[in-house]
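Below is a short briefing on selected local and packing features of one protein model. Please read it alongside the sequence and the coordinates.

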Amino acid sequence: MRDQVECLLRRLVRRIPTEVLKVTLEKWGRLTVAQQQNIDFKQTKWALADEFIALSEENGWTIRQIAELEMIYVIDNPDQGMWHAFQLVDPDTDASSVGLIQFKEKFKSNLSYLVRHVSIKMKKNTDEAIWIRIAWGDSYSRPNNMIPTYVVHYLQTPYVFVTRMTSKQKPLLSQALIIATRHQGIKDAKLSGRKLSAIRDLLMQQYDQVFPAKYPIPLQERSQIALHPHLHREHAKVEENRHQLAYEAFGGGKLPQLQSVVYKLDTKFKDPTNQAMMEREKPFKCVVTFASTNLLESLRHCASSGIASTPVTPLLSSIPRKGRNYFVITDRVQAPSTKMNQPTNPSVS
């Protein structure tokens, strides 16, 4: 057990930036004032880790206490990995009455029943989110605290956000969540990203959504167009229309900082100049990914500036409206009366 404590502590010290480490240690509260003042944060990370190992032996820190240190850091700095969103479905009649204590008891007891060796730690954040750290083991091995799963859930909402979960762990975690929240099932929300706040705000629609038909206050760009003496009136109307359509598609406020969107194509190949591909019975499959530091803002700018055509295609405007960034595009099924040689229209799922 001491080996696990030393390995996890050394990994944390080397992983956390020095300035952030100071703040995290203060929140952790496991060091005396004198001990924290005597730490030389200017030394190399390797030497700093050795100093913390010595403090660990002196203070008798346990693996759960070191896991608590890691949890404080991850909560304050959540954008360290890929987060995946899930949505609970079919709530029981009393699902809205589930409190923190009930959730904790049900979740821990069920997951501990499903997995013989598992370490679970929960913490309620200031934004009412419940953070769960799960170190997984199995029937033969102790929990591995080096690669824990993190789960974020907001009580009285159907939304769950998970990072570092394997396919083997997914059904176990799903069952524990379903029972603890009193729902009948859970599904993939088709939304993922490295910024937890972005996918949370997009899925829970916690951002300034403005999709008006007309703007009562002129946009800054419109005022500039109107005041510019050399722009033709017709050009101003075209420019104004682009802004209107762009902001109707993506809204007029600050957008969640989503970083990518994926489109999986599973359609018939359509190109009259390539008959060989057109005659293939199997669908044409490929994956298209758009990436940016702020994808939604980039798409809105492309539409408003004329780089992308308007009105904005539903393939793009569906991102904020549906709260998703993973789409599967298939051929729409034709009605019986439709002619066989008529091309099929794509549908998005």
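Leaving aside residues up to four places away in sequence, Thr289 touches Val261 and Val262, where contact means heavy atoms within 4.5 Å. This is a predicted model, in which local features need pLDDT of at least 70, side-chain atom pairs count only at pLDDT 80 or more, and totals for chains, interfaces and linings use all residues. Residues are numbered from 1 along each chain as its sequence is written, and side-chain values use heavy atoms, with hydrogens and water left out.

- Thr289 belongs to strand β8 (residues 284-291); helices (H or I, at least four residues) and strands (E, at least two) are DSSP runs, numbered from the N terminus.
- Thr289 counts as partly exposed because its relative accessibility is 48%; buried means under 20% relative accessible area, exposed over 50%, and partly exposed in between (1.4 Å probe, protein chains only).
- Between the C-alpha atoms of Thr289 and Tyr326, which are 37 residues apart along the chain, the separation is 9.3 Å.

**Backbone geometry**
- Thr310 and Pro311 are joined by a cis peptide bond, with omega about 0°, and Pro311 sits in the loop between α12 (295-305) and α13 (314-322).
- Asp90, in strand β1 (residues 83-91), has a positive phi of about 55° although it is not a glycine.
- Gln156, also not a glycine, has a positive phi of about 65° and is placed in the loop between β4 (149-154) and β5 (159-163).

**Packing of α1 and α5**
- Helix α1 (residues 2-15) packs with helix α5 (residues 63-76) at an angle of about 20°, their axes 9 Å apart; axes are lines fitted to C-alpha atoms, for helices over the stretch in contact, and angles run from 0 to 180 degrees between N-to-C directions.
- That angle makes α1 roughly parallel to α5, a term for angles under 35 degrees.
- On the α1 side the contact includes Leu8, Leu9 and Leu12, and on the α5 side Ile66, Leu69 and Tyr73.
- The residues of this contact divide into 10 nonpolar, 1 polar and 2 charged; Ala, Val, Leu, Ile, Met, Phe, Trp, Tyr, Cys and Pro count as nonpolar, Asp, Glu, Lys and Arg as charged, and the others, Gly among them, as polar.

**Nonpolar cores**
- The largest nonpolar core has 60 residues, and Phe52, Trp131, Phe161 and Ile319 have the most contacts inside it; such a core is a set of buried Ala, Val, Leu, Ile, Met, Phe, Trp, Tyr and Cys residues joined through side-chain atoms within 4.5 Å.
- Helix α5 supplies the largest share of this core, 8 residues.
- Another core, of 23 residues, lies apart from it and includes Leu88, Phe103, Val118 and Ile120.

Note on methods:
Angles under 35 degrees count as roughly parallel, over 145 as roughly antiparallel, 65 to 115 as roughly perpendicular and the rest as oblique.
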